[in-house]
Amino acid sequence: MDAVQEERFYTIEDIYALPEGKRAELIDGKIYDMASPGMRHQRISGYLHNEIYNYIKNHQGQCEAFAAPFAVFIDKDDYNYVEPDISVICDPKKLDEKGCHGAPDWVVEIVSPGSKRMDYYRKLFKYKSAGVREYWIVDMEKESVIVYQFEKETMEYYPAGDDIPVGIYEDFSIRAEF
């Protein structure tokens, strides 16, 4: 008789129990290790966060932008925990010292070689089902950005050098620089 191996479901407590310095995300009870970002990734993340932060500040916006590592308890349960590269949250009631509880309004993920499947598939569906309004996938290798506007059910492709309109704001765009 074959032994049936029971699939283990992990919780946020398992994420908190990881050794110091080890980063991972939890999606539907499965843990996914995260590699440290490279220099190019960090430059793009810094550029995008700076553009978003300055826009919000200069327009006295209600939203806040956070760069990774920043905890997002995406489904407000014990089985989902992500750290998007950039999270923009417009409802201050979702925020506390631990992070964001619920879906951010806008999420940006910068694809690295080890995160393609996660960013293009798992997170795409997780963010859409959780209620994220806008999701950007920045692909350094392809030098492009794919923008999903989930409320409008649209997807747009932008190559390097294009100005990308930000869907959650009417008068804001960011140049795709790599």
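Modeller: Y55 is buried, with a relative accessible area of 9%, where buried means under 20% relative accessible area, exposed over 50% and partly exposed in between, with a 1.4 Å probe and protein chains only. F172 also counts as buried, at 8% relative accessibility. This is a predicted model, in which local features need pLDDT of at least 70 and side-chain atom pairs count only at pLDDT 80 or more, while totals for chains, interfaces and linings use all residues. Residues are numbered from 1 along each chain as its sequence is written, and side-chain values use heavy atoms, with hydrogens and water left out.

Rings of Phe, Tyr and Trp (its six-membered ring) pair if their centres lie within 6.5 Å, and planes under 30 degrees apart count as stacked, over 60 as edge-to-face and the rest as tilted; the count comes to 9 aromatic pairs. The ring centres of Y55 and F172 are 4.0 Å apart and their planes are at 10°, so this pair is stacked. Because Y55 lies in helix α2 and F172 in the loop between β12 (163-165) and β13 (173-175), the pair ties together parts that are 117 residues apart in sequence; helices (H or I, at least four residues) and strands (E, at least two) are DSSP runs, numbered from the N terminus.

As for I52, its contacts (heavy atoms within 4.5 Å), leaving aside neighbours within four places in sequence, are A65, I86, V88, W106, F172 and I174.
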